[in-house]
Amino acid sequence: MELVVFVLAAAMILVGGLGVVLRSHPVHAALSLILTLFGVAVMFVSQQAHFLAAVQVIVYAGAIVVLFLFVIMLLGVDRTEDLKTEPFKVQRPLAVIVGLGVVGLVTAAVVTSRDVVATRGAGIIEPAMTDPDSNIRQLSRSVFGDYVVAFEVTSVLLVVAVVGTVLLTRKVKPTSKESQ
Amino acid sequence: MNNTTSILGLDPIAIGDLIWAPLVIILLKVVVIFVLGLVATMLMVWFERKAIAGMGNRIGPNKAGPWGLLQTLADGIKLFFKEDLMPDRADRFVFKLAPYLAFVPAFLVWSVIPLGGDFSHGKGGLVTWFGHVTRVQLADPPVGVLLLLALSSVAVYGIMLAGWSSGSKYPLLGSVRASAQMVSYEAALGLSIATVILLAGTLSTSGIVGHQSSFADWHVVSTGVIPFIIFMLAATAEMNRPPFDLVEAEQELVGGFNTEYSSIRFGLFFLAEFMNTITMSGVIVTLFFGGPQGLFNIPGIPGAIEGSIWLIAKVLVFLYIYVWMRATLPRFRYDQLMDLGWKILIPTSLGWFMLMAVLRLSRDENWNRGLVAIVAAVIILGCVALMSTAVKVSKANREREGAMF
């Protein structure tokens, strides 16, 4: 059963990923991204990480891609792009290099830690199997306990980003003397 | 074994090897919930039309079937046989996909609402059917409440893509408006649920129901009413029901996001809207009013059925309230809607959540109750003053700059 779930979810992720890159229409690309995110959520569920799966759907599929679509629709860029023209010349070679690099790194990581990965049941935390709420408990212990400073600093960073965006998008109004 | 458990939820029937009998019971549950959902939606449409007609001194549907009960069925059949139009500039695939994206989440919410069962004396809502212990609930995943939030955030896509894929201006405006509204109110929705989770200490819906064993434990009482009011308002906005139905402001937008839809695709949107009303009432009852837990024992009826009777009674009250609100309240203006969401509901729900957390902590750590209350009151007053000053300043600034809104 695990294998079936894995194959289906992996197919969702791959089809979605290819769709993001290959679809020439921005809205279709964004929809493919949702497919990928759902596939990852299914993977999380099959690995017993229910909370992560739910958050994946709520935050990424439910909020972030909605905002992507918002921007696409409001800016009116929702028309088909010609994939043959390349706006920035360096972009595609760089993307190829980064993609190959990521594949290489993941392969290297798997090869070096082959003993651990290949062992069945390695790294399973026991309480997660019995107590349904333990997922959330463990997450909250590390986020609000061990790594609370990093967590709070991240939230400050987000607030800075929001305030910065608001400031940048405000039009500088001519003062009343100049306009009169 | 564990993988099966995790995928199918924590229903005891799904633990262990899936042999024929449990599989049949699960399939039976799916079919029953599906049929029940459709029939309930059908009756809801009739009920809403009849009740609104009564409030407006009209008669309402009365031709098809006794008391017009079959009116929805007749409308549905009519919709089926209408011509299915597709606008020339529509995005064909997305246009066909959107109604399902609106309809399926509305249906899936049913799977995590406890529809009955005996929660008294710590039985946890487990019942025995044909020698198998199970719940009167399709699935009981450990993240049940989050699943509700996830589904409501997926439902945004149905409306958003429907408007966009129509390739026409008014539906696009309607859908942008709708999705902005739904995304804004999702935050308030989530924060008011957080207060419930804080008290119940679990995310599973059956656990939340099990936690509300007496009237004083009903979360509407134990969280202090405010989260319930916020949840109710946010849920109404999330479903795009009156008085927050700017999505379908027909005076300005023709018909909103579904203007270009006809035939059964329109029917699916229509169905989703009414089904959402029922499922949201079910969610409100589950989270705040003890779900299938009754106030007293109904004599002569076994516990498991009694739970379903209580649930139906409670859900009916909320359905009536929704119809009542539609008949009596005028539609909000768009800026009023956004002001209510961002400047009142979200700060209030966040503040209330913090307050509940502090009270909980002070109880656990045995702090001085009076001191905690005074400090909390001072902080709340400070925040309210700060917030209202900020709103006033920004309003004055906008007026000085001569903004239109």
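This is a predicted model: local features need pLDDT of at least 70, side-chain atom pairs count only at pLDDT 80 or more; totals for chains, interfaces and linings use all residues.
Q: How many residue pairs are in polar contact across the interface of chain B and chain A?
A: The rule finds 2 residue pairs, both at pLDDT 80 or more. The cut-off for such a pair of N or O atoms is 3.5 Å.

Q: Which elements of chain B give two or more residues to the side that touches chain A?
A: They are α1 (2-8), α5 (144-165) and α6 (169-200) of chain B. The largest share, 10 residues, comes from α5(B).

Q: What is the make-up by class of the side of chain B that touches chain A?
A: That side has 19 nonpolar, 8 polar and 3 charged residues.

Q: What makes a residue part of the contact, and how many does each chain give?
A: Heavy atoms must lie within 4.5 Å; the contact takes 30 residues from chain B and 33 residues from chain A. Chain B and chain A bury about 2700 Å² between them, with 73% of it on carbon and sulfur atoms.

Q: What share of chain A counts as buried, and what is its secondary structure?
A: Of its 180 residues, 22% count as buried, which means that these have under 20% relative accessible area. Chain A has 9 helices and 0 strands.

Conventions:
Residues are numbered from 1 along each chain as its sequence is written. Chains are lettered from A and ligands numbered from 1 in the order in which they are written. Side-chain values use heavy atoms; hydrogens and water are left out. Buried area is the accessible area (1.4 Å probe) that two parts lose on being put together, summed over both. A polar contact is a pair of N or O atoms within 3.5 Å; within protein, one must be able to donate a hydrogen and the other to accept it, and residues adjacent in sequence count only if both atoms are side-chain atoms. Helices (H or I, at least four residues) and strands (E, at least two) are DSSP runs, numbered from the N terminus. Ala, Val, Leu, Ile, Met, Phe, Trp, Tyr, Cys and Pro count as nonpolar, Asp, Glu, Lys and Arg as charged, and the others, Gly among them, as polar. Buried means under 20% relative accessible area, exposed over 50%, partly exposed in between (1.4 Å probe, protein chains only).
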